[in-house]
Amino acid sequence: MQKLSRNLERLKNSVNSSKNRNIRFVNVKDVRQCKCCGSIIGVGDTCLTVNKKKEGRRWICLSCIDAGLEYKQTKAQMNCVSFGDEGAYMALCDFAAEQEAELYDRGILY
């Protein structure tokens, strides 16, 4: 089983405490394939399951979820850079662009 990061653990608690039953973090009972990256999710592993109307159930592995969270965190940090600190802002822009490219490769962003 994969160890959850702190942000991922908070997201898991938030999603699973919600009344919405169409999105849940679950322990897989059968071998599944990640909708985003195509990796195999083994029996007993934790993943996010999404059941959208007319699209069917999908499983998303924790590494894809974690990559998306890191990207969103980087974008939020870009908004917190102090005025006039172009070097820090440009470094965050470059890092965000690399993360975004990885998310496109995984199929998380379209």
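Leaving aside neighbours within four places in sequence, with which residues is Gly 56 in contact? The answer is Val 50 and Asn 51, where contact means heavy atoms within 4.5 Å. The model examined here is predicted, so local features need pLDDT of at least 70 and side-chain atom pairs count only at pLDDT 80 or more, while totals for chains, interfaces and linings use all residues. Residues are numbered from 1 along each chain as its sequence is written, and side-chain values use heavy atoms, with hydrogens and water left out.

Read from the N terminus, the order of elements is α-β-β-β-β-β-α-α. Along the principal axes, the C-alpha atoms occupy a box of roughly 50 × 30 × 30 Å. Of the 110 residues, 28% count as buried; buried means under 20% relative accessible area, exposed over 50%, and partly exposed in between, with a 1.4 Å probe and protein chains only. When contacts between residues at least 6 apart in sequence are considered, 41% of them join residues at least 24 apart.

Helix H2 spans residues 62-78 and holds 17 residues. From first C-alpha to last, H2 reaches 24 Å, close to the 24 Å expected at 1.5 Å a residue; the expected span is 1.5 Å times one less than the number of residues. Leu 62, Cys 64, Ile 65, Ala 67, Gly 68, Tyr 71, Thr 74 and Met 78 are the buried residues of H2. Their packing partners are helices H1 (6-17) and H3 (86-106), together with strands E1 (23-27), E4 (46-52) and E5 (56-61).

Several of these elements meet again in the interior. A nonpolar core is a set of buried Ala, Val, Leu, Ile, Met, Phe, Trp, Tyr and Cys residues joined through side-chain atoms within 4.5 Å. The largest such core has 16 residues, of which Phe 25, Cys 34, Ile 41, Leu 48, Ile 60, Cys 64 and Ile 65 touch the most other members. At least two residues of this core come from each of H1, E4, E5 and H2. Apart from this core lies another, of 6 residues, including Ala 67, Met 78, Leu 92 and Leu 103. In soluble globular proteins, nonpolar side chains tend to be buried together.

Arg 24, in strand E1, is buried yet has no salt bridge. The nearest side chain of opposite charge, that of Glu 9, is 12 Å away; Lys and Arg count as positive and Asp and Glu as negative, with His and the chain ends not counted. The side chain of Arg 24 instead reaches backbone oxygens, that of Asn 16 at 2.5 Å and that of Val 15 at 3.0 Å. Beyond four places in sequence, the residues that Arg 24 touches include Ser 17, Cys 47 and Thr 49.

Thr 49 lies in strand E4 and is buried, with a relative accessible area of 4%. A polar contact of 3.0 Å links its side chain to that of Arg 57. Such a contact is a pair of N or O atoms within 3.5 Å; within protein, one must be able to donate a hydrogen and the other to accept it, and residues adjacent in sequence count only if both atoms are side-chain atoms. The side chain of Thr 49 also reaches the backbone oxygen of Arg 58 at 3.4 Å.

Arg 58 in turn takes part in a salt bridge with Glu 55, the closest N and O atoms being 3.8 Å apart. A salt bridge is a side-chain nitrogen of Lys or Arg within 4 Å of a carboxyl oxygen of Asp or Glu, and a search of the whole structure finds 1. Arg 58 is buried, at a relative accessible area of 17%.

Lys 54 sits in the loop between E4 and E5, and its phi is near 70 degrees, a positive value in a residue other than glycine. Most residues other than glycine have a negative phi. Lys 54 counts as exposed because its relative accessibility is 83%. Gly 56 is found in strand E5 and is partly exposed, with a relative accessible area of 30%. Its C-alpha atom is separated by 32 Å from that of Ala 76, 20 residues apart along the chain.

Notes:
Helix = DSSP H or I, 4+ residues; strand = E, 2+ residues; numbered from the N terminus.
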